[in-house]
Amino acid sequence: MSQLRLGQIGIGALGPRIATKLIWSGFPLHVYDVMDVSVRMFNAEYGGMMTGSPNMIAQVSNVVITVLPTEKELREVIFGWEGVAKGMARGGIVLDLGTTDPVATITLARELAERGIYLVDAPAIGRRDLAKQGKLKFLIGGEAEAVERCRPVFDALGEQAIHVGPAGSGQAANALADYLRAVAILSATETIEIGRRFGLSPDALLDAGEMLGGVAPQAKEALRANVLTRRFDTGIALGQVMKDINIARSLARATKVPTPLLGACAGAWAAAQDQIGSGADHTELLRWIEQILPPEPAKDRKSTRLNSSHGYIS
């Protein structure tokens, strides 16, 4: 731990929780954010050493952690005015814990490598409150040497950290995995509503899905806990999943892979986001499904009945 001199850029939503956990774990930490008031408030409550610019934070750190919303902000703090690249010595590491485009990440890694600086991308996975508990998960991209040097950071912040490939791989794996989750929650909510209207128990459907391999046990329990109970409290915002779906689409275009299902999934999630808002819990997709479906047929009408022999509505 003593060999790592850490700086962190980004004290926004997730950033303060990551910085707090690092300080609690014994790391001396320099902090910077474009919003000076955020740094002052963090410093007053949790500590850390305030630093005046990305350049200055790079001069006193051999690992600069970035927790930023997009690749635009990441590029700005690295190569912009008083950027990290101007102050970091050769052999230094930029450790990106935000969620950014993998293709842009590869470009940044190449440009930094020309200056002798490593880029490790490891988007933080999990609810924000898990950061302070050290229970985040990481899919990591970057050179093996740089990733191993960052292991003490991952050990402090997370319960699982997997090195999946070179720079950009962490962002790509995260976006594609979140796309899989988006498809799963969309298909599960549709299935639950179809089954409910037919007269099937949602619990029975989830059990059947697990039996046939269509629903993983962990996903089944998450659906039971948050969808069937209507708690909608996973702590993962619909907008975050939508962001990862769009990154997956960008990656598909870059690799020239036709993705009809990805396009349909993105359209559905975008419509849900317009209807219920990006800040809604991602499991609230069920509310959107319920809103767009037509009313159920009146059960007392003779023209609408459930045929018990054949199992369809006639």
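Axes here are lines fitted to C-alpha atoms, for helices over the stretch in contact, and angles between N-to-C directions run from 0 to 180 degrees. I work with a predicted model, in which local features need pLDDT of at least 70, side-chain atom pairs count only at pLDDT 80 or more, and totals for chains, interfaces and linings use all residues. Residues are numbered from 1 along each chain as its sequence is written, and side-chain values use heavy atoms, with hydrogens and water left out.

**Entry: helix 10 and helix 12**

I took helices as DSSP runs (H or I, at least four residues), numbered from the N terminus. Helix 10 and helix 12 pack with their axes 12 Å apart, at an angle of about 60 degrees. The pair is therefore oblique; angles under 35 degrees count as roughly parallel, over 145 as roughly antiparallel, 65 to 115 as roughly perpendicular, and the rest as oblique. I noted a right-handed crossing for helix 10 and helix 12, the term for a near helix turned clockwise from the far one by less than a right angle.

Which residues of helix 10 and helix 12 meet? Ile185, Ala188 and Ile192 of helix 10 meet Leu223, Val227 and Leu228 of helix 12, where contact means heavy atoms within 4.5 Å. I sorted the residues of this contact into six nonpolar, no polar and no charged. For that sorting, Ala, Val, Leu, Ile, Met, Phe, Trp, Tyr, Cys and Pro count as nonpolar, Asp, Glu, Lys and Arg as charged, and the others, Gly among them, as polar.

**Entry: helix 11 and helix 12**

I looked next at helix 11 (residues 202-211) and helix 12 (residues 217-228), whose axes are 10 Å apart at an angle of about 165 degrees. Helix 11 and helix 12 are therefore roughly antiparallel, and their crossing is right-handed. Helix 11 brings Pro202, Asp203, Leu206, Asp207 and Glu210 to the contact, and helix 12 brings Pro217, Lys220, Leu223, Arg224 and Leu228. I count these as five nonpolar, no polar and five charged.

**Entry: helix 13**

I checked the length of helix 13 (residues 238-255): its 18 residues should span 26 Å at 1.5 Å a residue, and its end C-alpha atoms are 26 Å apart, which agrees. The expected span is 1.5 Å times one less than the number of residues. Among the buried residues of helix 13 are Leu238, Val241, Ile245 and Leu251; buried means under 20% relative accessible area, exposed over 50%, and partly exposed in between (1.4 Å probe, protein chains only). The buried residues of helix 13 pack against helix 6, helix 10 (169-198) and helix 14 (260-276). Just after helix 13, I found Lys256 with a positive phi of about 60 degrees.

Is Phe232 buried or exposed? Phe232 counts as buried, at 11% relative accessibility. I placed Phe232 in the loop between helix 12 and helix 13, and its phi is near 50 degrees, a positive value in a residue other than glycine. Glu82 also has a positive phi, near 50 degrees. Glu82 sits in the loop between helix 4 (71-79) and helix 5 (84-87) and counts as partly exposed at 24% relative accessibility.

I found helix 1 (residues 15-24) mostly covered, with seven of its ten residues buried. Ile18, Ala19 and Leu22 are among the buried ones. Just after helix 1, Gly26 takes a positive phi of about 100 degrees.

I found Thr107 in helix 6 (residues 102-113), partly exposed with a relative accessible area of 28%. Thr107 and Gly168 are 8.9 Å apart in space, C-alpha to C-alpha, and 61 residues apart in sequence.

Definitions and conventions
Helix = DSSP H or I, 4+ residues; strand = E, 2+ residues; numbered from the N terminus.
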